[in-house]
Amino acid sequence: MNLQTLVVKIGTSSLTQDRTGNLAIATIAALVETLSALRHQGHRVILVSSGAVGVGCARLGLKERPRTIALKQAVAAVGQGRLMRVYDDLFSTLQQPIAQVLLTRSDLVQRSRYVNAYNTFQELLRLGVIPIVNENDTVAVEELKFGDNDTLSAMVASLVEAEWLFLMTDVDRLYSADPLRHPDAQPITLVQHLDELRQLQVQTGGSGSNWGTGGMMTKIEAARIATGAGVRTVITSSQSPRNLEKILQGEAIGTHFAPQKNTSNARKRWLANAVIPSGKLYLDEGAVRAICQGGKSLLAAGIVEVFGEFEASDAVQLCDRAGREIARGLVNYSSDELDRIRGRKSDEIPEILGYIVADTVIHRDNLVLSGSSSDAAELNKTDPLH
Ligand SMILES: Nc1ncnc2c1ncn2[C@@H]1O[C@H](COP(=O)(O)OP(=O)(O)O)[C@@H](O)[C@H]1O
Ligand SMILES: N[C@@H](CCC(=O)OP(=O)(O)O)C(=O)O
């Protein structure tokens, strides 16, 4: 059998009972059995589990999701421990070792910490452990949060170069609109490219349950990140975890998002998905063409406008004149320097600044195309990490 790396994400609305907030024991037990079986078959399995806040609320008798950040962080600290206790009891009965991995966005933003997280996951998987991942809600600060576990699971899937990301939730697939509010909503079984959802005018509404955070919107964003990193993504029901095995055997269950052409370059995947841009550079048509079609570096001459404050080595978004993001990259110059050299030729830089750091503003090795602008130019490059 083809042994693969699987990231499975389960949401609060599936782990807890909607009315009481108590744990949905049968669902969790079925999930544990399935993941242990998949592990037993030799697959490498990572579980991204929400539920810390929901379980903490139930433990403390709170009837709704906390509104203040401090209360939410305190409640998550209560719930995360209980959640892991339940997982460890259930997985232990099947002799399956697990590990707790709590991440914040800042753990992935910095390249050295990203590589460190990658190495830790590889060791855990090599040891046959199922890592159970959640956001480190208790210490995460607002500006550096994943915000929802759909996004977190997609970033983990990209980090570990998974073949599959399963988003398990309380609906069986994506529909043209929220099926709870629109009973006539049409099921969607296959999405070859995310542009199709715009054409189908799919509505993602708000969260369908009291406890879930992002509804379908964050699942589609997760699918964008994961499929862009070459990970096949499936939205499927948490009520039938055994379906994961059937899906792996080729059954068309849930909504499948086809993986896009993937760059094999781990550093570029980090740049595309984990890094948070500090500013924006607006480019003229020539620069947009050179980057999107020619796989070229960005020169100062093509920059029309500089937005935001940033230092050399920071990440920025590259946008066309209409503000559409076409790429991301790490700059060789600060925003102040770029304000002075934008629109000018590279050989004018020493005269304007009194020095030159590099001929390019962003070298093509530090540049990655966004979403649909992704092209063959960045394929087939090797990466020092792998
Ligand atoms: N287009 C759609 N298709 C399917 N479900 C949708 C759609 N739009 C909104 N939803 C809602 O999204 C909910 C799942 O999101 P959420 O409650 O955040 O789950 P989780 O806790 O698993 O992350 C469903 O219960 C459903 O009501
Ligand atoms: N980290 C939070 C989960 C936030 C979240 O994304 O929840 P969900 O939408 O239910 O997957 C927790 O454990 O409560």
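Colleague: Which residues does Ser153 touch, not counting residues up to four places away in sequence?

Modeller: The general idea is to look past the sequence neighbours and list what remains. This is a predicted model, and in it Ser153 touches Val7, Lys9, Val48, Leu165 and Leu167. Ser153 itself lies in helix H7.

Colleague: Is Ser153 buried or exposed?

Modeller: Buried means under 20% relative accessible area. Ser153 has 0% relative accessibility, so it counts as buried.

Colleague: Lys9 is among those partners of Ser153. Where does Lys9 lie, and what is it in contact with?

Modeller: Lys9 lies in strand E1, which covers residues 5-10. Leaving aside neighbours within four places in sequence, its contacts are Val48, Ser50, Asn149, Asp150, Ser153, Phe166, Leu167, Met168 and Lys219. Lys9 counts as buried, because its relative accessibility is 5%.

Colleague: How should I read the record for Lys9? At which residues does UniProt place the feature "binding site"?

Modeller: Take it as a label from a record, to be set beside the coordinates. The unreviewed UniProt entry places "binding site" at Lys9, Thr169, Asp170, Thr213, Gly214, Gly215, Met216, Met217, Thr218 and Lys219.

Colleague: With which side chain does the side chain of Asp170 make a polar contact?

Modeller: The partner is the side chain of Thr169, at 3.3 Å.

Colleague: Where is Ser50 found, and what is it in contact with?

Modeller: Ser50 is in the loop that runs between strand E2 (44-49) and helix H3 (52-60). Leaving aside neighbours within four places in sequence, Ser50 is in contact with Lys9, Ile10, Gly11, Thr12, Leu15, Leu83, Asn134 and Asn149. With a relative accessible area of 10%, Ser50 is buried.

Colleague: And what about Asp137: where is its place, and is it buried or exposed?

Modeller: Asp137 sits in the loop between strand E4 (130-135) and helix H7 (149-159). Its relative accessibility is 14%, and therefore Asp137 counts as buried. Beyond four places in sequence, Asp137 is in contact with Ala52, Gln73 and Ala76.

Colleague: For contrast, is His40 buried or exposed?

Modeller: His40 counts as exposed, because its relative accessibility is 76%. This residue lies in helix H2, residues 25-40. As a distance check, His40 and Thr255 are 215 residues apart in sequence and 26 Å apart in space, C-alpha to C-alpha.

Colleague: How many disulfides does a search of the whole structure find?

Modeller: The idea is to check sulfur distances, since a disulfide needs a pair of cysteine sulfur atoms within 2.5 Å. The search finds 0 disulfides. The closest cysteine sulfur to that of Cys292 is in Cys319, 11 Å away, which is too far for a bond. Both residues are buried: Cys292 has 15% relative accessibility, and Cys319 has a relative accessible area of 1%.

Colleague: To finish with the whole chain, what radius of gyration does it have, and what would a compact globule have?

Modeller: Compare the chain with the value for a globule with that number of residues. With 386 residues, a compact globule would be near 21 Å, and the chain has 22 Å, which agrees. The C-alpha trace spans about 70 × 45 × 40 Å along its principal axes. The chain holds 14 helices and 13 strands, and 54% of its residues count as buried.

Colleague: What share of its contacts join residues at least 24 apart?

Modeller: Among contacts between residues at least 6 apart in sequence, the share is 72%. As for the surface, the chain exposes about 17600 Å², with carbon and sulfur atoms supplying 48% of it.

Notes. Residues are numbered from 1 along each chain as its sequence is written. Chains are lettered from A and ligands numbered from 1 in the order in which they are written. This is a predicted model: local features need pLDDT of at least 70, side-chain atom pairs count only at pLDDT 80 or more; totals for chains, interfaces and linings use all residues. Side-chain values use heavy atoms; hydrogens and water are left out. Buried means under 20% relative accessible area, exposed over 50%, partly exposed in between (1.4 Å probe, protein chains only). UniProt positions are given in the numbering used here, feature names are shortened, and annotations may be inferred rather than shown by experiment. Helices (H or I, at least four residues) and strands (E, at least two) are DSSP runs, numbered from the N terminus. Contact means heavy atoms within 4.5 Å. A polar contact is a pair of N or O atoms within 3.5 Å; within protein, one must be able to donate a hydrogen and the other to accept it, and residues adjacent in sequence count only if both atoms are side-chain atoms. The radius of gyration is taken over C-alpha atoms; the globule rule is 2.2 Å times the number of residues to the power 0.38. Accessible areas come from the Shrake-Rupley method with a 1.4 Å probe; for residues, only the protein chains shown count as cover.
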